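Visitor: I am new to this structure and would like to be guided through its aromatic rings, step by step.

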Amino acid sequence: MMSVYCDEWDKLDKSKNGYQNATEFLQETSEYFNDIVGLTGKTEEYSEYKNVNITFLFVDSVSFTAVLSAAGDEFEAEIHLNTGYFKYGAAPVAHELTHAICPSGPSRSLKEGLPSYMQDVVAGKPAPHNYGLNVDILCATLLFAPDADEKISEVFKLTGEVRSSFDDPLYRNAAYNFAGSFAHYIIEKYGMDSYMALYSAVNPSEIYREVTGKTLEELHEDWKLHLMEYEGAMSAEEIDEAISKLFQ
């Protein structure tokens, strides 16, 4: 049995997010949960829990997820959503649900790529870090910009590795979007099972060839060619403008 609970709904500013009431929000999150469980092949695993309890809390800090219990027949998680993003209908609900549902290996970019993919595909709603825009376009704009610095290339090359650039505040947003784009690329070309094998691997670099038939470096070259199809699709100014409109 799954139950979801929303904390302090009546105190939230919901003027621009489209939700009529808490029931509507919680029903939507339940649908997201079931979709994510199904897409990641975890239906049987979660059917073994007698109780699945997810509480949504609303905070002024960044959104995050805490799994409180995943033992025996109980699964319990708290998902903390930023109130500002929630106000504008841009809270990463499916993203954070994916973190709760799918424990990952040590690769931060693979760990963040799957939730970003689910936010795009399951929710289809804007949220950090691509805000509903095509993540391949965002990555192409970063990677092929005439004034792109060497650090952007480094963030690209670290995608799919255990090491990452997520701890660098200047490049964290780029790291998230490269992770999301790479997840889309691997899942769409090699399938969800392949991505999940990499996602949970202790050292994914050792099994890329086994899973996909190519090394990570070869995958990066193919992925880069894929991103070149989106070069020039949007300027940095157009991207900034589109994101700004979400919060007006």
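**Aromatic rings**

Guide: In this predicted model, one aromatic cluster is formed by Trp 9, Tyr 19, Phe 25, Phe 56, Phe 58 and Phe 86.

Visitor: How many aromatic pairs does a search of the whole structure find?

Guide: Rings of Phe, Tyr and Trp pair if their centres lie within 6.5 Å. When the whole structure is searched, the number of aromatic pairs found is 23.

Visitor: What kind of pair do the rings of Phe 156 and Phe 178 make?

Guide: Planes over 60 degrees apart count as edge-to-face. The ring centres of Phe 156 and Phe 178 are 5.7 Å apart and the planes stand at 80 degrees, so this pair is edge-to-face.

Visitor: How many residues apart in sequence are the parts that this pair of Phe 156 and Phe 178 ties together?

Guide: Phe 156 belongs to helix 7 (residues 150-158), while Phe 178 belongs to helix 8 (residues 172-190). The pair therefore ties together parts whose separation in sequence is 22 residues.

Visitor: Are the rings of Phe 156 and Trp 223 stacked or edge-to-face?

Guide: Planes under 30 degrees apart count as stacked. For Phe 156 and Trp 223 the planes are at 20 degrees, with the centres 4.5 Å apart, so the pair is stacked.

Visitor: Is Trp 223 buried or exposed?

Guide: Buried means under 20% relative accessible area. Because the relative accessibility of Trp 223 is 0%, this residue counts as buried.

Visitor: Which ring does the charged end of Lys 151 sit over?

Guide: A charge sits over a ring only if it is within 6 Å of the ring centre and within 35 degrees of the ring normal. The charged end of Lys 151 is 5.9 Å from the centre of the ring it sits over, that of Tyr 171.

Note on methods
Residues are numbered from 1 along each chain as its sequence is written. This is a predicted model: local features need pLDDT of at least 70, side-chain atom pairs count only at pLDDT 80 or more; totals for chains, interfaces and linings use all residues. Side-chain values use heavy atoms; hydrogens and water are left out. Rings of Phe, Tyr and Trp (its six-membered ring) pair if their centres lie within 6.5 Å; planes under 30 degrees apart count as stacked, over 60 as edge-to-face and the rest as tilted. Helices (H or I, at least four residues) and strands (E, at least two) are DSSP runs, numbered from the N terminus. Buried means under 20% relative accessible area, exposed over 50%, partly exposed in between (1.4 Å probe, protein chains only).
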